[in-house]
2 protein chains.
Amino acid sequence: MTRENRTGELPTPARHEVGFLADLELDGEVSHGDSDRDEHAVDYGTDETDAVRPDAVVYPESTADVSAVVAAADERGVPVTAYAAGTGLEDGAVPARAGISMDMTRMDAIHDIRPDDLQVDVGPGAIGADVDEAVAAHGLFFPPLPSSGDISTIGGMIATDASGMGTVKYGEVADWVLELEVVLADGSVTTVGSKAAKSSSGYNLKELIVGSEGTLGIVTRATLELAGRPEQIRGGRATFPTLDDATAAVSDAVTAGVDVAKIELFDAETAMLANDYSDAALPERPMVFVEFHANHGIDEEVDFCRAVFDAHDVEQFEMASGERMDELWRARKDVTYAAESYDPAREMGQPGDVTVPIGSYPEMIRAVKDVADEYDLFVPCFGHAGDGNLHYFVLRDPDDPDEVARAEAAYGELVERALELGGTATGEHGIGAGKRSYLEPEHGEAAVEAMRAVTEALDPNGTLNPGTVVPDRDDAVGGDADG
Amino acid sequence: MTRENRTGELPTPARHEVGFLADLELDGEVSHGDSDRDEHAVDYGTDETDAVRPDAVVYPESTADVSAVVAAADERGVPVTAYAAGTGLEDGAVPARAGISMDMTRMDAIHDIRPDDLQVDVGPGAIGADVDEAVAAHGLFFPPLPSSGDISTIGGMIATDASGMGTVKYGEVADWVLELEVVLADGSVTTVGSKAAKSSSGYNLKELIVGSEGTLGIVTRATLELAGRPEQIRGGRATFPTLDDATAAVSDAVTAGVDVAKIELFDAETAMLANDYSDAALPERPMVFVEFHANHGIDEEVDFCRAVFDAHDVEQFEMASGERMDELWRARKDVTYAAESYDPAREMGQPGDVTVPIGSYPEMIRAVKDVADEYDLFVPCFGHAGDGNLHYFVLRDPDDPDEVARAEAAYGELVERALELGGTATGEHGIGAGKRSYLEPEHGEAAVEAMRAVTEALDPNGTLNPGTVVPDRDDAVGGDADG
């Protein structure tokens with residue numbers, strides 16, 4: 001994954017010997033085909049010129065398959081990297097050191113719905129929306145479903161501790177994972193967490209596995225907690241004269257305790273992208289999208305929100321139900337497509353995903369505007385404002401090396417600013433290979449050493465997704481994660 | 001801590017040489033006095049005949065103090081066990097292997113309240129109620145405060161991942177801890193977690209430290225998340241004809257999504273204890289205590305609850321505000337004192353603290369009744385019913401060896417039953433030394449091995465609170481944890 005590989009062809013790194021896979025008796029399949037290997041070299045965030053092909057792809061169909069492959073690979077020093085929908089943005093599921101790509105998509109069963117316990121057991125390959133649909137028959141839903149939930153898997157959400165628009169009310173994926181069956185690096189199978197709603201029994205290995213991006217274990221089954229679907233749903237959007245007004249309105253709504261289920265921000269530039277992409281005909285003003293969930297009293301909650309927004313000179317404020325609500329929200333849901341298609345000459349680059357304490361959200365937004373001006377770049381921003389989570393695209397022309405350099409500097413400066421404000425480099429996308437260089441600036445040397453000690457203890461041979469999350473011991477701070 | 005020590009005197013185990021403490025330049029103090037050492041040998045759950053005295057007590061007044069003591073102790077193989085209010089019930093803060101007791105109570109500062117971020121930074125020795133009072137001036141509160149919050153410390157709550165009556169609505173202590181400053185076993189100081197409300201940046205070391213009972217690090221500062229105090233509070237109690245009706249009403253309320261802030265169960269026996277203790281004049285019937293928090297619409301929520309309870313033949317149902325609410329709740333708040341004083345001839349023993357999936361809560365309660373009958377014992381039970389968390393006291397006459405043996409068998413059988421129902425041996429009290437023998441039956445051998453690998457990686461010399469949480473490698477499954 002060095003820059004010398006920028007040939008436009010997938011590089012062929014030193015291979016691992018994977019012939020042993022033929023000797024394993026598996027329920028699933030093994031593929032050595034080029035197209036399978038190409039497909040498993042990339043996720044949504046991979047620069048194809050940097051991609052590393054796995055030496056083989058395994059499609060397990062049982063926990064026993066995963067265990068057998070991991071045990072055999074661990075004995076032979078062959079890396080194993082779990083893969084599923086490939087919708088990650090930070091190279092967390094691609095094989096930095098080649099070896100075996102373990103494609104979990106066939107383990108997609110919805111094993112057991114227990115409405116009386118508000119629980120469901122699923123395979124890691126289950127698509128989020130499919131789980132949500134299955135439990136809807138019982139009046140239930142999976143609250144932390146991320147925006148990508150129509151195409152991403154439960155396993156991927158667990159691997160990155162994903163979150164979504166509903167996180168402001170309901171929390172992250174980790175908060176809704178009760179118990180996990182996990183294959184550890186030596187192939188042993190264990191269960192972490194508990195089906196009880198709370199426990200203080202021993203170390204919280206469940207929370208350690210969640211967000212570890214397949215580097216500490218491979219999840220083969222998950223027990224998720226569910227909630228009752230709200231009786232009343234209302235939502236819409238509000239526009240504000242200035243971005244400062246909009247961000248202050250969001251901060252105030254959250255600290256005043258307005259019970260929002262979703263609260264999302266667009267700057268005027270993002271509204272412009274959205275208009276360019278569709279016939280949304282949005283006012284090109286800073287705006288806030290809101291959704292409310294309640295079993296009763298939703299009008300009072302909308303009024304409470306309106307009162308907070310009024311104090312910040314809200315202009316248009318429209319809340320609705322059903323189809324009209326969906327119309328009002330459409331631009332938010334399509335924002336990534338809008339950014340992708342906006343300027344054919346420019347790429348989006350790595351999407352920014354910083355989160356800061358809510359009181360500093362207005363300051364973080366101002367930093368985006370200042371940095372965009374300073375570097376003369378177009379940087380639309382939007383995000384899960386209620387959590388203090390901000391996304392931004394630093395658009396750049398890949399054929400203009402100066403603009404690319406400015407874009408990279410601007411991106412880095414914004415991450416640094418978020419860290420100065422007490423925030424994180426990655427609110428919900430994970431570290432992957434893409435953001436390993438930010439781990440130490442964010443957490444400090446002692447914390448990264450502790451993370452390294454944990455991964456070395458649980459995976460002494462470096463079998464599980466090496467080259468991801470924890471930087472290699474000899475990596476320079478702030479340098480290219482894998483350079 | 002062997003049975004041979006049952007002499008009625010505090011035993012004097014093999015001492016560690018702690019003279020090196022005199023050479024450290026500390027802001028705080030070191031004590032070698034007998035009364036200090038005696039006091040730090042016990043928590044609320046310790047059988048005094050089993051107690052182990054520390055060789056010295058250190059009262060640090062700064063992170064630097066903690067770091068210096070831990071670093072020096074780690075070099076010399078001397079155990080260090082953090083201690084604070086001593087209100088734990090499972091020997092989690094007492095020095096199983098002697099050495100140094102690190103009394104954190106002087107590090108009780110409330111450093112910084114940031115209302116705009118809904119955050120407060122505190123020292124680990126801060127009493128929960130003091131933190132809650134300090135932030136009340138800003139209209140905020142710390143939602144997961146346990147029932148012991150008037151006397152227990154934030155550090156102790158973090159060490160055990162405590163929870164309380166509000167957990168059904170607000171979650172556990174872990175859910176409200178954002179960032180921790182921690183002294184690791186080698187004396188290095190690190191920060192884990194983030195002040196951002198969400199992050200997927202690297203391994204979740206914060207959740208690993210929370211609940212680890214001082215075995216992976218000593219917390220020296222905590223950033224807690226806060227919530228706005230609700231505008232409306234209402235609460236009271238409801239009685240039911242049978243225990244099955246009461247437990248089914250609770251399960252239904254939770255699964256139907258009644259927004260209860262607290263929902264607590266008493267069996268008729270516990271109501272009897274309460275009447276004996278005070279002039280509560282409770283009907284000696286199964287009953288449910290409920291509290292609601294809302295910013296508006298609280299009447300509708302109470303009505304919703306009433307409708308669910310009606311379907312289970314609720315008898316008395318009284319909800320009130322202010323002083324009348326406190327009166328209705330008083331018996332629940334005094335329950336531990338009531339159990340302690342009920343029968344002068346009988347001890348409470350170790351309080352049961354199992355949690356099961358909410359759908360199995362009625363079955364768990366029936367198991368308590370069946371086991372009490374089978375062993376001919378008095379076993380009042382009550383608990384945080386909305387979480388599936390059940391407490392019970394297996395009362396026994398310490399001078400009747402047969403009754404003691406029956407009580408211990410009954411206690412163990414109930415834990416086993418909870419595990420069979422997919423539950424946990426300890427919902428909120430921690431494992432400590434007291435429940436180490438249940439760790440493997442609950443989590444399995446591979447998970448316990450993983451926990452052991454983590455503790456050996458982060459504390460290779462076994463300096464931090466050895467003899468707690470993870471069983472020693474040679475302990476028999478289900479045997480005496482420290483025998």
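Analyst: Happy to! Let's start with helix α2 of chain A, residues 63-76, which lies across β8 (177-183), β9 and β10 (218-225) of chain A. The helix runs at about 50° to β8(A) (axes are lines fitted to C-alpha atoms, for helices over the stretch in contact, with angles from 0 to 180 degrees between N-to-C directions; contact means heavy atoms within 4.5 Å). Helices (H or I, at least four residues) and strands (E, at least two) are DSSP runs numbered from the N terminus.

A word on the ground rules: this is a predicted model, where local features need pLDDT of at least 70, side-chain atom pairs count only at pLDDT 80 or more, and totals for chains, interfaces and linings use all residues. Residues are numbered from 1 along each chain as its sequence is written, chains are lettered from A and ligands numbered from 1 in the order in which they are written, and side-chain values use heavy atoms, leaving out hydrogens and water.

The strands under discussion belong to an open, antiparallel sheet of five in chain A, ordered β5-β6-β10-β8-β9 (two strands pair if DSSP finds at least two bridges between them). At its edges are β5 (110-114) and β9 (189-193) of chain A, each pairing on one side only. From one strand to the next, the twist averages 15°.

In total, 79 residues of chain A contact 79 residues of chain B. Together the chains bury about 5500 Å², 57% of it on carbon and sulfur atoms (buried area is the accessible area, with a 1.4 Å probe, that two parts lose on being put together, summed over both). A:K198, A:S200 and A:Y203 supply 18% of the area that chain A buries against chain B, more than any other three residues.

A:K198 also forms a salt bridge with B:D387, the closest N and O atoms being 3.4 Å apart (a side-chain nitrogen of Lys or Arg within 4 Å of a carboxyl oxygen of Asp or Glu). Between the two chains the count is four salt bridges, plus 38 residue pairs in polar contact, both at pLDDT 80 or more. A polar contact is a pair of N or O atoms within 3.5 Å; within protein, one must be able to donate a hydrogen and the other to accept it, and residues adjacent in sequence count only if both atoms are side-chain atoms.

In chain B, B:N204 is found in the loop between β9 (189-193) and α6 (205-209). The side chain of B:N204 reaches the backbone nitrogen of B:E207 at 3.1 Å, while its C-alpha atom and that of B:G193, eleven residues apart along the chain, are separated by 6.9 Å.

Finally, the symmetry. Chain A can be laid on chain B with an RMSD of 0.0 Å by a turn of 180° and a shift of 0.0 Å along the axis (superposed by least squares on C-alpha atoms of residues with pLDDT of at least 70 in both). The two copies are thus related as by a two-fold rotation axis. Because 100% of the interface residues of chain A are also interface residues in chain B, the copies meet through the same surface.
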